[in-house]
Amino acid sequence: MRKSLPQRIALNTVGVVGALLFGFPTYWLITTSFKTPGEVLSPRYDLIPFSITFENFTSALSKPGFTTFLTNSLIVTLGAVLTALVAGVLAAFPLARMRFRGRKGFLFLVLVAQLAPIEALLIPLYLLMRDAGLLNQLPSLLLVYMALTLPFTCWMLYGFVKGIPIELEEAAMIDGCGRWQAFRRVTLPLLGPGLVATSVFSFITAWNEFLFALVLMQDQGKRTIPVWLSTFREAFLVDWGGIMAASVIYAVPALIFFLIVQRKLVSGLTAGAVKG
Amino acid sequence: MTSTKDVAAMPAGNTPPASPRVPTLRARRRRKGFGDSVLPYLLLAPGVLAIGALLIWPTVQLVMISFRKLDLRELVTGQLVWVGVSNYGDVLGDPEFWEVTVRTLVFMGAVVAATIVVALFIALLMKQLNPVVRVLLQVTLVVAWATPAVAATTVFQWIFDQQYGILNKTLALLGFDGFIGHSWFSDGPSTLTVIGLLITWQAVPFVAFSLYAGLIGVPREQYEAAGIDGAGPWQTFRAVSWPAIQPILTIVTFLSVIWDFRVFTQVWAIKQGGPDGESTTLPIYMYLKGIAGSHFGPAAAIAMLMLLVLVILLARYIQLLLRSKEVDLK
């Protein structure tokens with residue numbers, strides 16, 4: 001099915017236009033963050049920036065509470081990733097390597113849980129955290145994020161452990177390793193890439209989460225970055241350059257992590273699907 | 001099965017190989033009994049505890065709260081007031097609920113349709129592109145996908161800004177003077193259109209890449225054979241491409257419906273369901289009733305109704321997933 005030259009030129013032009021359309025919002029986010037405030041609010045038509053300044057970044061960083069919100073986000077996100085990872089590794093090993101009653105049931109539970117709409121649990125989780133005295137306490141958000149990422153972490157790690165040939169462990173056991181030793185010395189190191197991919201997915205999920213952060217952390221000082229950013233008019237008024245700079249700071253970790261695991265996201269799509 | 005048995009039959013732990021035969025056997029039996037019956041549950045315990053306490057127990061609570069009267073007063077006094085199905089009656093009898101439901105369904109339908117159509121177009125296009133253009137397109141898609149939702153809402157608000165937004169500037173430059181100072185967020189439909197565009201922009205990449213993966217899985221010979229048989233582009237698509245992507249298309253459509261039905265972040269961050277509640281969708285409605293209004297009973301009933309719709313969709317989706325062999329519980 002060879003296309004004629006004009007056809008190919010037309011198709012590629014459509015491709016370039018598509019790329020420009022899809023790339024534009026992110027391009028605009030980044031370029032605006034480097035424009036001087038005067039330039040941002042000028043009536044001039046300026047698709048390509050004329051100058052570069054870091055003024056917006058210093059102004060965003062110096063907004064009251066910015067570093068606190070950033071720290072809050074980091075604590076709940078990393079805490080959730082780590083706890084889910086530990087529980088996930090512990091669960092993945094018996095799920096992939098052992099036969100026991102309830103195994104299929106648990107796998108099914110995990111599969112359902114990772115697709116289930118956690119938004120529907122907003123009211124009971126809010127009340128539970130309130131009863132536990134955890135409202136406006138970072139651990140409550142950490143726990144919710146752990147619950148949010150755990151099913152998916154279990155599912156992914158189960159798949160990764162299953163992908164490592166059991167013969168390797170058996171060989172180690174013939175050489176005199178115990179089961180635990182064989183797991184720790186052979187399987188765990190081979191699991192490295194899987195652990196990285198899984199934690200990156202969880203990181204992105206927790207880092208982007210908005211609803212529970214909004215509801216559970218109503219105290220100003222306990223906000224996370226996305227919630228603070230959504231109320232940008234309070235802090236920035238019409239300082240669009242500053243808003244864009246703050247958005248860039250917030251987006252960069254997710255963007256970098258996303259690029260690392262991008263290939264796995266596409267290939268292992270349906271079961272371990274996360275929405276970016 | 002056999003491999004597991006073999007593992008269990010091997011000397012476990014640091015049992016010295018030279019030790020007498022009988023004690024080893026005894027030790028082995030004891031270890032096997034302990035290891036294979038209790039160990040898996042012990043290892044699963046943290047996960048089961050977390051899922052039980054933070055997902056299953058709240059689901060049970062949700063059902064119970066939906067049958068209770070639970071406002072600020074009951075919350076403070078800790079009284080249990082059962083009201084049967086009256087929360088459901090109140091919610092279902094409220095015209096606002098139906099207005100919001102219809103709006104949510106129309107919004108979701110439009111966003112899913114737009115996502116699927118654009119993604120299918122892009123997936124088919126990617127196959128025809130020159131490698132350089134294809135990589136360029138793929139990079140922009142990945143970046144759109146990876147941008148955190150709230151960062152995306154801030155930049156969309158900036159692009160659609162009334163005074164300095166680049167969209168109004170561009171439209172004015174093209175001669176549409178009516179758009180100078182045009183506000184895109186002054187009524188519900190316009191606000192929801194911008195939100196829908198934003199969601200579509202971020203949802204297309206996943207769908208497009210999934211479909212593209214299906215397309216490049218088709219052996220080249222099949223296209224050549226279709227060409228030799230004199231099939232036109234449309235016939236080739238029907239006979240060769242479509243069977244390859246149809247199962248993927250079903251799965252991603254389900255996923256899109258499930259995701260777009262419950263979307264909260266973008267809708268809330270753009271306009272908090274405003275102006276005048278005109279862009280309020282079901283998740284926003286639940287939030288406003290429950291958290292902002294402290295009427296937890298009706299809010300739980302709304303959540304239950306949403307959950308009911310999603311459970312039906314999910315059941316069908318998981319059935320499809322298990323059948324597609326993409327997921328294997330073995």
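Predicted model: local features only at pLDDT ≥ 70, side-chain atom pairs only at ≥ 80, totals over all residues.
Local features need pLDDT of at least 70 and side-chain atom pairs pLDDT 80 or more, while totals for chains, interfaces and linings use all residues. Residues are numbered from 1 along each chain as its sequence is written, with chains lettered from A and ligands numbered from 1 in the order written.

**View 1. Where chain B meets chain A.** Chain B puts 90 residues into the contact and chain A puts in 86 (C-beta atoms, placed from the backbone, within 7 Å). On chain B's side, helix H3 (residues 39-65) gives the most, at 15 residues (helices are DSSP runs of H or I, at least four residues, numbered from the N terminus). That side of chain B has 66 nonpolar, 18 polar and six charged residues (Ala, Val, Leu, Ile, Met, Phe, Trp, Tyr, Cys and Pro are nonpolar; Asp, Glu, Lys and Arg charged; the others, Gly among them, polar).

View 2. B:Leu310 sits in helix H15 (residues 296-323) of chain B. B:Leu310 counts as buried because 20 other C-beta atoms lie within 10 Å (the cut-off is 20 or more, with C-beta atoms placed from the backbone). Leaving out residues up to four places away in sequence, B:Leu310 touches A:Pro117, B:Ile258 and B:Phe261. B:Val257 is 53 residues away in sequence, yet its C-alpha is 9.0 Å from that of B:Leu310.

**View 3. Two domains in chain B.** Chain B splits into domain 1 (2-77) and domain 2 (86-323), with bounds from an automatic or database assignment. Ten residues of domain 1 of chain B contact nine of domain 2 of chain B. H3(B) gives the most to the domain 1 side, with three residues.

**View 4. Two domains in chain A.** Here the assignment gives domain 1 (5-57) and domain 2 (64-230) of chain A. The C-alpha centres of these two domains of chain A are 37 Å apart.

Technical notes. Contact = placed C-beta atoms within 7 Å. Helix = DSSP H or I, 4+ residues; strand = E, 2+ residues; numbered from the N terminus. Buried ≥ 20, exposed ≤ 12 C-beta atoms within 10 Å, placed from the backbone.
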